[in-house]
Amino acid sequence: MNTQEIVQKLWNLCNVLRDDGITYHQYVTELTYILFLKMAKETGAEKNIPPEYRWDKLVEKEGATLRRFYQKLLLELSQKATSRIKQIYANASSNIKEPKNLEKIIKSIDKLDWYSAKEEGFGNLYEGLLEKNANEKKSGAGQYFTPRPLVNTMVKLIDPEPGERCNDPAAGTFGFMIAADAHVRAKTDDDHDLSEKESKFQRTQAFTGCELVHDAHRLALMNAVLHDIEGEILLGDTLSDKRKALRDFDVVLTNPPFGTKKGGGRPSRDDFTFPTSNKQLNFLQHVYRSLHTKGTARAGIVVPDNVLFQDSDGQKIRADLMDKCNLHTILRLPTGIFYAQGVKTNVLFFYRGKTDKGNTKEVWFYDLRTNMPSLGKTNPLKEEHFEKFIKAYKAKDRKKVKDERWNAFSRIEIQKNGDSLDIGLIADNSLTSYENLPDPIESTEIAIEKIEQAVDLLQAVVRELGS
């Protein structure tokens, strides 16, 4: 049984809980509590869990006794386990009211082919569950999950290196950092082995994040544990004053939440030059300010279209970004790839400069939106959709790339356009351009000629009938 099949079996167990009124998102949280204990047993990592609350103790209980024990287990692990486990079980409570349903979930999990799951990696299994949850519209979890093909493409192009400090200030379920870790691991496997000190750095400091929503933070912690990442994942608001210390990173990869700050207020950060109620513009400020100024720090950030054209503070923030950073590439993404249909998004790729002025000379745009097939659940985004973009992005001489979707605008041109970056889209072939319209005078003359020919023909028919 492969990971995909196990994920499907675990997901199907959600049907057991429908009578308890459990939502999809609550179900994944419940699974997190239970799966952690099972996976700890399977991986021999139970030493951090009190003996009386390990998997074998849970699976031997039945009925009402099981439910009482499970409730106590959640409380005890939130207080008496090691710090990371305490975080996973913080404020944990079960929404499963019917003891027989809880028993069925636990016994079904116990019977799965965990040898195969272990072979393919428990982290892959858990990520599969998170993706399943994100794709289920009723769960509302899509906002915490960026499509894996987009994550992998951004990571590949930003190209984190061993020894670099990577961060996601809107961590969600920690997908960007999981992918960045996998990218670095592949490099170190191919090129050289890391020393014990370097390996410890990769495991404990290289990949960090911050997440505002408690349930998403819990899933991020679980995801990190299953991928053997011990980097700090803070619970809190990146846009609050407490998070000014999130800085001096080599790499930032993120997809911040869309929308305005709750209540429409401005962030409490006093280090933003241009405070605004637009959450994405504030995250953008945070990201480029959180990069170090040695000339190698870089970022990839997903933003909605309004970040590219919003006036007033938006215009000032874009100008500040292009001064402080080399905003070298903008990818215009297709619609239908996120949880909200019709949301138009882009990826900004930039390097933080050594100085704070004049770092952007020109911006290259790749239009992956116009004349693209409709993407969504039935036609999902795939990594092959990005192949031509990656080729253009990596080209030694970008000007020699022959691709109608790929074009550049100088900083002077952008400045003349009011620092709007809402450009770079090609003509939609579903619309008729002025160049293709027929000449109106010539068209009128042809039409008159055809009418005259028809009248002549009609008169000839009339004469023939009259004779």
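Student: Which residues does Leu 10 touch, not counting residues up to four places away in sequence?
Tutor: This is a predicted model in which local features need pLDDT of at least 70 and side-chain atom pairs count only at pLDDT 80 or more, while totals for chains, interfaces and linings use all residues. Residues are numbered from 1 along each chain as its sequence is written, and side-chain values use heavy atoms, with hydrogens and water left out. Taking contact as heavy atoms within 4.5 Å, and with residues up to four places away in sequence not counted, Leu 10 touches Tyr 27, Leu 31, Leu 35, Ile 109, Leu 112, Leu 125 and Leu 129.

Student: How many of the residues of α13 are buried?
Tutor: Helix α13 is largely enclosed by the rest of the structure, and its buried residues include Phe 283, Leu 284 and Tyr 288. They pack against β4 (251–254), β5 (298–304), α14 (306–309), α15, β6 (325–332) and β7 (345–352). The number of buried residues in α13 is 11 of the 11.

Student: At roughly what angle do the axes of α13 and α15 cross?
Tutor: Leu 281, Leu 284, Gln 285, Tyr 288 and Arg 289 in α13 meet Gly 314, Ile 317, Asp 320, Leu 321 and Lys 324 in α15, and these residues divide into 5 nonpolar, 2 polar and 3 charged. The axes of α13 (residues 279–289) and α15 (residues 313–324) come within 11 Å, and they cross at roughly 15 degrees.

Student: How is α4 oriented to α6, roughly parallel or roughly perpendicular?
Tutor: The axes of α4 (residues 63–80) and α6 (residues 99–111) come within 8 Å and cross at roughly 75 degrees. Their contact is made by Gly 63, Ala 64, Leu 66, Arg 67 and Tyr 70 of α4 and Pro 99, Leu 102, Glu 103 and Ile 106 of α6. Angles under 35 degrees count as roughly parallel and those of 65 to 115 as roughly perpendicular, so α4 and α6 are roughly perpendicular.

Definitions and conventions: Axes fitted to C-alpha atoms, helices over the stretch in contact; angles between N-to-C directions. Helix = DSSP H or I, 4+ residues; strand = E, 2+ residues; numbered from the N terminus. Nonpolar A, V, L, I, M, F, W, Y, C, P; charged D, E, K, R; others polar. Buried < 20%, exposed > 50% of the residue type's maximum accessible area, 1.4 Å probe, protein only. Parallel < 35°, antiparallel > 145°, perpendicular 65-115°, else oblique.
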